[in-house]
Amino acid sequence: MNFKIRTAEKEDCKDISRLIMELAVFEKMPEQVKITHTELERDGFSPNPFYECLVAELPEENKTKEGHTIVGYALYFYTYSTWEGRSVYMEDLYVMPEFRGKGIGKGLISKVAQVGKEKQCVRLQLSVLDWNTPSLDFYVAKGAKDLTASEGWHFIRFDGEALDNLAKEAPRD
């Protein structure tokens with residue numbers, strides 16, 4: 001299949017937002033999506049962006065029946081390991097179902113790895129839902145390690161009221 005992986009542009013945010021919702025539906029959590037394309041534009045295309053994104057784009061003649069040419073994305077950002085240094089965290093990798101198995105997901109994750117290596121990142125990290133065995137198998141086949149199984153790590157989150165309460169406990173300046 002003919003496709004191109006390219007750096008997302010601000011004008012792509014409506015398509016990225018559409019794909020985020022598709023991913024949330026796939027993950028059985030659409031009600032948890034609160035972000036809009038406007039916030040994606042602000043957070044990814046400001047002078048100090050919070051994330052970077054790649055999109056998979058088809059030629060116009062291969063667009064979807066709904067008229068879309070952007071059929072996948074990888075959204076990522078940089079973190080830091082106090083043990084190993086620079087790291088890249090891939091928040092999302094998504095390809096529309098009818099375009100899976102055509103090398104698009106492999107192209108996206110490989111490009112994220114390449115970008116990370118160019119910035120001297122020593123690892124690429126991501127999370128996968130425990131029931132999403134096709135994705136887990138895909139990542140393991142590419143050489144990823146399941147740290148939950150091998151090292152026993154738990155992924156922890158503070159949000160909403162818990163985050164508010166924790167922030168209130170910060171020492172005053």
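Mentor: Let's look at helix α1 and the parts around it. Keep in mind that this is a predicted model. Helix α1 covers residues 13-26, and it packs with helix α2, residues 37-44, at an angle of about 115 degrees. Their axes lie 8 Å apart, and the crossing is right-handed. On the α1 side, the contact is made by Cys-13, Lys-14, Ile-16, Ser-17 and Ile-20, while α2 brings His-37, Leu-40 and Glu-41. Sorted by class, that makes 4 nonpolar, 2 polar and 2 charged residues.

Now pick out Ile-16. Leaving aside residues up to four places away in sequence, Ile-16 touches Ala-8, Leu-40, Cys-53, Val-55 and Tyr-73. Ile-16 also belongs to the largest nonpolar core, which has 33 residues; together with Tyr-73, Met-90 and Leu-108, it touches the most other members. At least two residues of this core come from each of α1, β2, β3, β4 and α3, with β3 giving the largest share, 6 residues.

Then there's the sheet. Its 5 strands form an open sheet in the order β1-β2-β3-β4-β5, with mixed pairing. Strands β1 and β5 stand at the edges with a single partner strand each, so one side of each has no neighbour in the sheet. From one strand to the next, the twist averages 30 degrees. Strands β3 and β4 run antiparallel and are joined by 10 bridges. Back to our helix: α1 packs on the sheet, where it touches β2, β3 and β4, and its direction makes about 85 degrees with that of β3.

Notes: Residues are numbered from 1 along each chain as its sequence is written. This is a predicted model: local features need pLDDT of at least 70, side-chain atom pairs count only at pLDDT 80 or more; totals for chains, interfaces and linings use all residues. Side-chain values use heavy atoms; hydrogens and water are left out. Axes are lines fitted to C-alpha atoms, for helices over the stretch in contact, and angles run from 0 to 180 degrees between N-to-C directions. Helices (H or I, at least four residues) and strands (E, at least two) are DSSP runs, numbered from the N terminus. A crossing is left-handed if the near helix is turned anticlockwise from the far one by less than a right angle, and right-handed if clockwise. Contact means heavy atoms within 4.5 Å. Ala, Val, Leu, Ile, Met, Phe, Trp, Tyr, Cys and Pro count as nonpolar, Asp, Glu, Lys and Arg as charged, and the others, Gly among them, as polar. A nonpolar core is a set of buried Ala, Val, Leu, Ile, Met, Phe, Trp, Tyr and Cys residues joined through side-chain atoms within 4.5 Å. Buried means under 20% relative accessible area, exposed over 50%, partly exposed in between (1.4 Å probe, protein chains only). Two strands pair if DSSP finds at least two bridges between them.
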